[in-house]
Amino acid sequence: MENLLTSKISSWSETSENIQNIISDKSKDPGGLTIPYGLQLQDKNWCPKALRFVIQFKGNTGQNQFVYHHGVGLKHRIETWDMKKNRKEDEAEKKLKNTNTDLRIFHFAYVPKHWAFVGFCSDLNLCVFSANFEKISTVFVGKTIMCMLYNDERDDIITGIQGGVQTWKFPIGHSDPLFPGQEVQNSFTAEDWVKSLKLDELTNQILAVAERKIVMLDSTTYLENCVFSKNLNVSFTTCAFYHPLCFFITGEYNITICFIIITHIVLLYFVILF
């Protein structure tokens, strides 16, 4: 099948060639040379179907690996894209592995301690998969999971659901299913759907994002450290810490980015509109 995808970001080989051409022209003084973008395309892979998820992790060899999932009807596929760490410059050395499955998986997490994956499927089951994507165990959740995160500190799977977050523990038996872990008390209500979970390793906090609320949980105790709420009709989309300047940054659906300056308490915030 012909690849109709055209990247909007030039590859480093194209950019490097343009720079060399400008510098090598002795008849012209460039005065200054500016690369118009910071990202440089390293490699790309075209997929014929819409992706349900994409995750990135480092395998046991230390190389970057990407796992993604797509499919229609009863035909679904899990694909692994291995990026070699020592590949030659401008050479796309990649290795694709395909695994067919009858499952529709919406969320996926890599668990390095168990060398396994955990996925939430369309039948409301939470499944554990081996490194080769063979299903090991299944537990019926009975509710929609909006997002998923592996907490290495507690060896827990954390899921975002209606009304807050839920933790899941790994069993002693290899083929036994996951079971519910510690109950997490927080400021979310039944009206809140937690749609994003992020782990900030520097502060050891889990950032749980709902439409009107962001809750920060201690990654060790799961106690609530801080909560941001809003009464406006504009929903949160994401959030992140920028530690060099002590910023906590939030994104919103109306293309607003808020910068909150934090010390021990919130001192100031300002908004940038695009």
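Which residues does Pro180 touch, not counting residues up to four places away in sequence? Taking contact as heavy atoms within 4.5 Å, they are Gln166, Thr167 and Trp168. Pro180 itself sits in strand β12 (residues 179–180), strands being DSSP runs of E with at least two residues, numbered from the N terminus. Pro180 counts as exposed because its relative accessibility is 52%, with exposed meaning over 50%, buried under 20% and partly exposed in between (1.4 Å probe, protein chains only). Its C-alpha atom is 9.1 Å from that of Phe170, 10 residues away along the chain.

A word on the model: it is predicted, with local features needing pLDDT of at least 70 and side-chain atom pairs counting only at pLDDT 80 or more, while totals for chains, interfaces and linings use all residues. Residues are numbered from 1 along each chain as its sequence is written, and side-chain values use heavy atoms, leaving out hydrogens and water.

Beyond four places in sequence, the contacts of Met148 include His107, Phe108, Val118, Leu126 and Ile157.

Elsewhere, β15 (residues 213–218) and β16 (residues 224–229) run antiparallel, joined by 5 bridges; pairing takes at least two DSSP bridges. Leu217 stands opposite Glu224 in β16. Between the strands of this hairpin lie 5 residues, and Tyr222 takes a positive phi near 65°.

Technical notes: Helices (H or I, at least four residues) and strands (E, at least two) are DSSP runs, numbered from the N terminus.
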